[in-house]
Amino acid sequence: MRANELVSYNIVGDGIPVSLTGSPGDAARGRALVLARSTTCILCHSGPFPETRFQGDLAPDLTGAGNRWTASQLRLRLVDASRLNAETIMPSYYRNDGLVRVGRNFAGKPILSAAEIEDIVAFLATLRD
């Protein structure tokens, strides 16, 4: 499956309870993705990453994310945070329609693949106080 082909998912309450890939993600790959400045989390969030300089301060600290949110809730926040807060500045990482001000490289495709979403969910779930 190519990254721009979205798999279907069901939102239940404030989350997506079922893995987009049908299996758990890899937390080590998820950590690398969280710290990648090209597309994801560290641009806006800070967290327990002492080796990483210049962490973001626009969004909540990721320390303890695994205590604050379930995997289901984390998954929906990554897939499409606007479902929870229409005014959010957080990108919808797993959408390809109805978006505004999309960078040329991301037009018509999601920023992250289903596997990358699951990897990040797996990592964030390990962040406990």
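What is the mean pLDDT of the protein chain, and what share of its residues reach 70 or more? The mean is 89, and 93% of the residues reach 70 or more. The model shown in these views is predicted.

**Figure 1. Confidence in helices H1 and H4 of the predicted model.** Helix H1 covers residues 27-34 and has a mean pLDDT of 95, given as the lowest. Helix H4 covers residues 114-124 and has the highest mean, 97.

**Figure 2. Gly30 and its contacts.** Gly30 sits in helix H1. Is Gly30 buried or exposed? Gly30 counts as buried because its relative accessibility is 0%, and the cut-off for buried is under 20%. Leaving aside residues up to four places away in sequence, Gly30 touches Asp119, Ile120 and Phe123. Glu118 lies 88 residues from Gly30 along the chain. Even so, the C-alpha atoms of Gly30 and Glu118 are separated by 7.7 Å.

**Figure 3. The aromatic pair of the structure.** How many aromatic pairs does a search of the whole structure find? The search finds one. Its partners are Phe49 and Phe123. The ring centres are 6.2 Å apart, with 35° between the planes, and the pair is tilted.

**Figure 4. Where Phe49 and Phe123 sit in the chain.** Phe49 belongs to the loop between H1 and helix H2 (65-68). Phe123 belongs to helix H4.

Conventions. Residues are numbered from 1 along each chain as its sequence is written. This is a predicted model: local features need pLDDT of at least 70, side-chain atom pairs count only at pLDDT 80 or more; totals for chains, interfaces and linings use all residues. Side-chain values use heavy atoms; hydrogens and water are left out. pLDDT is the predictor's confidence in each residue, from 0 to 100. Helices (H or I, at least four residues) and strands (E, at least two) are DSSP runs, numbered from the N terminus. Buried means under 20% relative accessible area, exposed over 50%, partly exposed in between (1.4 Å probe, protein chains only). Contact means heavy atoms within 4.5 Å. Rings of Phe, Tyr and Trp (its six-membered ring) pair if their centres lie within 6.5 Å; planes under 30 degrees apart count as stacked, over 60 as edge-to-face and the rest as tilted.
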